[in-house]
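Please walk me through this structure in the viewer, one selection at a time. I would like to know what to pick next and what is found there.

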Amino acid sequence: MNRQHPYLQKINLLFTSINQVNPYYLVLLVLCGHFLSFAPHTNEEAYFPLAKHFIDPSWMTGSFVFGEWPGTRLLYQYIAGFFLKYMSFESLSFWSRLVIFIASAFPLTKLFKHFNFSNITLLIILELFLIHQSWIGGEYIFGGFETKSLAYIFILFSLVSLFKKHYWYFIILSVAGSYFHVLVGIWYTLFALTYILIYERSVVLPVKLGISYSILLSPFIYFLSLHILGGSNIIEGVNIDWVYSYYRNPHHCVPFSRSVWPRVVLPSLIQIIISSILLFTLLRKKRSQQSDQFFWMMVVIFFMLWAAIIISLLDTTGSITKYYLFRINSIGALIFYIYVFWWIKRFYPVLARKAGYFLFFLFLIPVFIGKTTSNIKNNYLQKADSEYIEMIDFIKTNTNGDDILIEHAKLPTSFMRTVERESFVVRKLVPGGGEKIYEWYIRMEMLKSFRNNFNEIDSICTKYKIDYIITKKAFNQAGLTCVFQNDKYNVYQIDNNKQ
């Protein structure tokens, strides 16, 4: 009998120790290491103020930017808005993320346990997924606290039920997820029902499930229809569907329309092509009941994904792409990574064991340390911008609550809610639709012109009330008084406001 090398014995002892830990805590550790922070990211900076103003309209009274119909964010705005009455944006960001990760770790652990993965394999798959949580379209499951974060908790539980063939649990959980994010829920449910139709070779079952889903979701759909239906998509010659898809969200809706697509999107497209080929060749050579589940799930996912790619190339108005056709590929990427690792473990166990050694030391450990260190450095150890803080303090102290600011300098999304003064327009806070998105577009075009030509401020002031301008460059122009200046920022008061 051959004795193991002492070094190999230590590695096996390490692996044994890790595999004895409750996997739930390992999943939670990875999620927190990657994303837990007191610093709100840009999506939270957009959604938190909307929720705060929704619950407390006296905060930023009459705001064009924050005063928006809640739409699909209704439940989220009640939840986030309630807590924002008692805590800061930064505190809500930290504690809400922690709650999301605590809740999400349960279905993730159940999912990995269903396939009898060791903790080592679980960690490798999770880390691989978290590097890039979707192939194309910028969708993600884990990050900050937003409405889809709540939806994905239920969707992940639903996915576990789908694999276990507990189809009525699956549909109930899908409905719950849809109430928090209707597009995440609907695209996931469409994928799952199509998969059940093919895998179970039954028409009756998915029809029953689909009807139940529609009935249970109908109150929410009715609520949304009261605002969405009936409005025109063309306002003053501007197609607001195009504005939403092509002007504001091309990275999500029409990724190939972006000038940087060969650098940003092409690698993802190549990955999709390779994954599609692998699915129909290598992975399909070995068949079993479990592999059939994986295979047909991925067939549906890739069909939806390729359909989304084709539609995004053909839909020049954005009338279809505005519904975020690429949403499903985040769940699809997670299933695919699980499929590949399950397939190797099931049919090539020796290779799986050797690959585990390699990936643990050369992939998992470096990436986890790197991502966690980056999270700590960017969100906990970042030095405060003293000039920016000085400018913020001046505006809060020396301007009136109803004053309106225009930003010649590009400032963080958090600027408006920090100074608690209305900004002329904020790019990140695009309205969901209707006439307001047209107004947002007009303002964005005016802001763009102003940033290219400072003299455009005169034409803006003939139509809108503007009181102060924030710049990074010094300007000497009649009608403006510099009321604040430091090494980085200037604040100009408009003397003869024409409104």
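**Aromatic cluster**

Start by selecting Phe112, Phe115, Phe117, Phe163, Phe294, Tyr339, Trp342, Trp343, Phe347 and Tyr348, which ring pairs link into a cluster. Bear in mind throughout that this is a predicted model.

For one of them, select Tyr244 and Tyr324: their ring centres are 6.1 Å apart and their planes stand at 75°, so the pair is edge-to-face, the class for planes over 60 degrees apart. Now colour the segments around the two rings. Tyr244 belongs to helix α11 (residues 240-248), while Tyr324 is in the loop between α15 (289-314) and α16 (329-347), so the pair ties together parts that are 80 residues apart in sequence.

Are these two tyrosines buried or exposed? Tyr244 has 16% relative accessibility and therefore counts as buried, the limit being under 20%. Tyr324, at 11%, counts as buried too.

**Charges over rings**

The charged end of Arg327 sits over the ring of Tyr324, 4.2 Å from the ring centre.

Then select Tyr247 and Arg427. Here the charged end of Arg427 sits over the ring of Tyr247, at 5.9 Å from its centre.

Move to Thr189, in helix α9. Its relative accessibility is 2%, so Thr189 counts as buried. What does Thr189 touch, leaving out residues up to four places away in sequence? Show Ile171, Ser174, Ser178 and Tyr213: these are the contacts of Thr189.

Switch to a surface view and select Leu197, Ile198, Val203, Val207, Ile211 and Ile215. Together they make a nonpolar surface patch of about 510 Å². Helices α9 (182-199) and α10 (204-228) each supply at least two residues of this patch. Which helix gives the largest share? That is α10, with 3 residues.

End on Ile215, a patch member located in helix α10. Ile215 has a relative accessible area of 56%; because exposed means over 50%, this residue counts as exposed. For contrast, return to Thr189 in helix α9, which is buried at 2%.

Note on methods: Residues numbered from 1 in each chain as written. Predicted model: local features only at pLDDT ≥ 70, side-chain atom pairs only at ≥ 80, totals over all residues. Heavy atoms only, no water. Patch = residues over 30% accessible without salt bridge, like charges linked within 9 Å, V, L, I, M, F, W, Y side chains within 5 Å. Areas by Shrake-Rupley, 256 points an atom, 1.4 Å probe, with all protein chains shown as cover. Salt bridge = Lys/Arg side-chain N within 4 Å of Asp/Glu carboxyl O. Helix = DSSP H or I, 4+ residues; strand = E, 2+ residues; numbered from the N terminus. Buried < 20%, exposed > 50% of the residue type's maximum accessible area, 1.4 Å probe, protein only. Phe/Tyr/Trp six-rings, centres within 6.5 Å; stacked < 30°, edge-to-face > 60°. Lys NZ or Arg CZ within 6 Å of the ring centre and 35° of its normal. Contact = heavy atoms within 4.5 Å.
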